[in-house]
Amino acid sequence: MTGISTRMPGEVVFSFVLVILSLVIFWQAYSISGFSSISSPGSLPLAASAIMVMSACFSFVKTLKKPLENHTLFFTHVLPPIVSIILAFILIYSVVLEKLGFIVSTFTFLVISIQFLYRKHFLITLGLALISLITVYVVFRLIFQVILPEGIVPEREIIAAIRNLFS
Amino acid sequence: MFEALQYFSISWVSPELMFLTALGTFLGIYVGAIPGLSVTMAVSILISFTFSWDVNSALCLMVGVYMGGVYGGSRTAILLNIPGAPSAIATALDGYPLAQQGKAGEAIGLSTVMSVIGGFVGIIVLAVAAPHVSDFALTFQPRDYLLLGLLGILLVGSLSGGNMAKGLFAGAFGILIGTVGLDPLTAEERFTYGVVELWSGINPIAVMIGLFGITEALSQLHHMDKVAVKQRIDRLIPKWGDVKKYLPLSLRSSAIGVGVGSLPGVGGDIAALMAYDQAKRSTKNPEVEFGKGAKEGLVAPESANNAAVGGAYIPMLTLGIPGDAVTAVFIGALFIHGLNPGPMLMIERPEMFWFTVGNLTLANIFVLIFGLTGIRLFSKIVECPKGILIPVIFLLSIVGAYSINNSIADVWWMLGFGMLGYFFKMYGVPVGPIILGVILSRLIDDNWRRAIMSERGDLSNFFINMISSPLSATLLLAIILILLSQTPIWKKVFKPKNT
């Protein structure tokens, strides 16, 4: 994280992006109802975005004055490969969640991410992923009755068949 | 009185509610203890899973997690020198040295009892003060609510990150997120860009899960290689002599905790640090020096942070203004269940207030029970490797966001805010004010416009009336003081000599 007297790599760009973002939002807020009335629907967004512009500019200037923290690199200390890779896993998981369904996509996500982060024998990873999946499924799908995407696995039919076996 | 007692005991007489409170407290202790998991994160995720439940059941689980979580942070602070939650930062200062001296069990036992005492003080003050605050709040003008909302965001902005400009940016950004959708008064579109799905706004729960679930878990990936040093634990029940000796300090610290906790936007972390500082100043001859295992340094923050829970409920239930980030999430939960926290809640739904007081009391008792038992299981669970824990947090966050509306759009919002929150955190922009801004956006918007309309659009009248009303003037003064306190001139003039 950023220091008080030093800046992290990429902080200048980040602060500049915040200034630009704030200006764009200010313009968008202005386009709601302009300066027509101080109690108009756009008044609060305009005031909030004005604060954003001012504070972002202030932070940007302050960041420019700070020296760069020694021996720090953007892709090592701010966005290291481990974060980028995990983010990619999460994004892929979110994309396939509805198509493949909760069970298949979650199991795959857990196996890949646990193997990547925990780095133990693959069978241990498989077991851990399976236990995690079963726990989450039982707690949330069966106990909390949370609706989860079915995808390619006909969950309802399987649950009904299991219930029939015991009834 | 009889009715109040009846409502108070709802969760005590229902086995289901009692079980949920116990479960919540148990889970909360572990959530609070495991570094990387936060109470705010857990409560945010829980809202999405429990919004279809009966309100009492959902609240029991969440109240338990809150109460247990605030206490749980102290355990890893004592055992591993890693505060499980920000409210346990001060606890580690003397708790860990005690553990290094082989007194981990004693420290955990003492911190448990003092946390529970603090919790009870907070609850008593809540029960006594909230009805009066609520009555008083009925006299509030819209401008007072506006000022209170702004005060809350300013306080959390100035205290959470240390950088006022970044705190202000975050608070204003949160307010803007809250304004997305159709204007509630005129139905005019705000930041919707013609997308019908945005008419109802961005779901605050998706924002919360993103900022507290994904952001936290991504940040934890930076510390995958940290190895914790294990401690041996023997007896957990504290000595009666110690409890008696430190009771006055515990009560004093609880008073600080409940007072600080009841300020809008200030939570248990600040309360604990202030109580620690007060204990350090007021203890003339400690048996052991502060910072080297003084029991006073353990008692003060632990009493204060649990007392702050009751304190944080006061502005939440009586004014609809969150006391800290967790109560901001609670307000979101109450809205989802059709309740409107504020002075009218006490009049229209008094049962909800007394139910909450009773439930907090029950959760506090469970803190005592779980706090003094199960240490072996605890040691096993907190040692759960991050390589397993982090993927499960991501999974719960995604499933939680999806289950709000069974819509993948909420997952995308959640991920977007999670990634944004990650960069915010990396560059020192606090995420707490964003959530407060989202929650308080509607209150600020409505009251700003009501206040201006009641003055027929005359801004000078608005300011004259603000200055002539003692309450508004006090709140305005507090806001000005907070802003001034962040200026270089103020810092230069009032800089403590010993720092």
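Domain bounds here come from an automatic or database domain assignment. With that in mind, I looked up chain A and found domain 1 (11-71) and domain 2 (80-166). I then checked how far apart their C-alpha centres lie, and got 40 Å.

**Ground rules**

I noted that this is a predicted model, where local features need pLDDT of at least 70, side-chain atom pairs count only at pLDDT 80 or more, and totals for chains, interfaces and linings use all residues. Residues are numbered from 1 along each chain as its sequence is written, while chains are lettered from A and ligands numbered from 1 in the order in which they are written.

**Chain A, the helices**

I looked up secondary structure next, with helices (H or I, at least four residues) and strands (E, at least two) taken as DSSP runs numbered from the N terminus. The UniProt record, an unreviewed entry, puts "transmembrane region" on residues 12-30, 42-61, 73-94, 100-118 and 123-144 of chain A. UniProt positions are given in the numbering used here, feature names are shortened, and annotations may be inferred rather than shown by experiment.

I checked two of those spans. Residues 12-30 of chain A are 100% helix and 0% strand, with the end C-alpha atoms 27 Å apart. Residues 100-118 of chain A come out at 95% helix and 0% strand, and there the end C-alpha atoms are 25 Å apart.

**Chain A, overall form**

I looked up the radius of gyration, which is taken over C-alpha atoms; the globule rule is 2.2 Å times the number of residues to the power 0.38. For chain A the value is 25 Å, whereas a compact globule of 167 residues would have one near 15 Å. The C-alpha atoms of chain A fill a box of roughly 70 × 50 × 25 Å along the principal axes.

For burial I used C-beta atoms placed from the backbone: a residue is buried if 20 or more others lie within 10 Å of its own, exposed if 12 or fewer, and partly exposed in between. By that count, 29% of the 167 residues of chain A are buried. For contacts, the C-beta atoms of two residues, placed from the backbone, must lie within 7 Å. In chain A, 65% of the contacts with a separation of 6 or more involve residues 24 or more positions apart.

**Chain B, overall form**

Chain B has 23 helices and 2 strands. Its radius of gyration is 22 Å, which agrees with the value near 23 Å that a compact globule of 499 residues would have. The C-alpha box for chain B is roughly 65 × 55 × 50 Å along the principal axes. I found 60% of the 499 residues of chain B buried. Among contacts in chain B between residues at least 6 apart in sequence, 79% join residues at least 24 apart.

**Where the chains touch**

**The nonpolar core**

A nonpolar core is a set of buried Ala, Val, Leu, Ile, Met, Phe, Trp, Tyr and Cys residues joined through C-beta atoms within 7 Å. The largest one has 200 residues, and B:Val43, B:Met62, B:Tyr66, B:Phe169, B:Ala206 and B:Ile435 touch the most other members. Domain 1 (11-71) and domain 2 (80-166) of chain A both give residues to this core, so it lies between them.

I followed B:Met62: leaving out residues up to four places away in sequence, it touches B:Gly24, B:Val43, B:Leu46, B:Phe330 and B:Ala333.

B:Trp413 sits in helix 19 (residues 408-426) of chain B. Is B:Trp413 buried or exposed? B:Trp413 counts as buried because it has 21 C-beta neighbours inside 10 Å. Not counting residues up to four places away in sequence, B:Trp413 touches B:Ile202, B:Asn203, B:Ala206 and B:Gly210.

Last, I looked at backbone angles. Most residues other than glycine have a negative phi. B:Tyr193 is not a glycine, yet has a positive phi of about 50 degrees. B:Tyr193 is in the loop between strand 2 (189-190) and helix 10 (204-220) of chain B, and is exposed, with 8 other C-beta atoms within 10 Å.

B:Arg456, also not a glycine, has a positive phi of about 55 degrees. I found B:Arg456 in the loop between helix 20 (432-454) and helix 21 (459-468) of chain B. With 9 other C-beta atoms within 10 Å, B:Arg456 is exposed.
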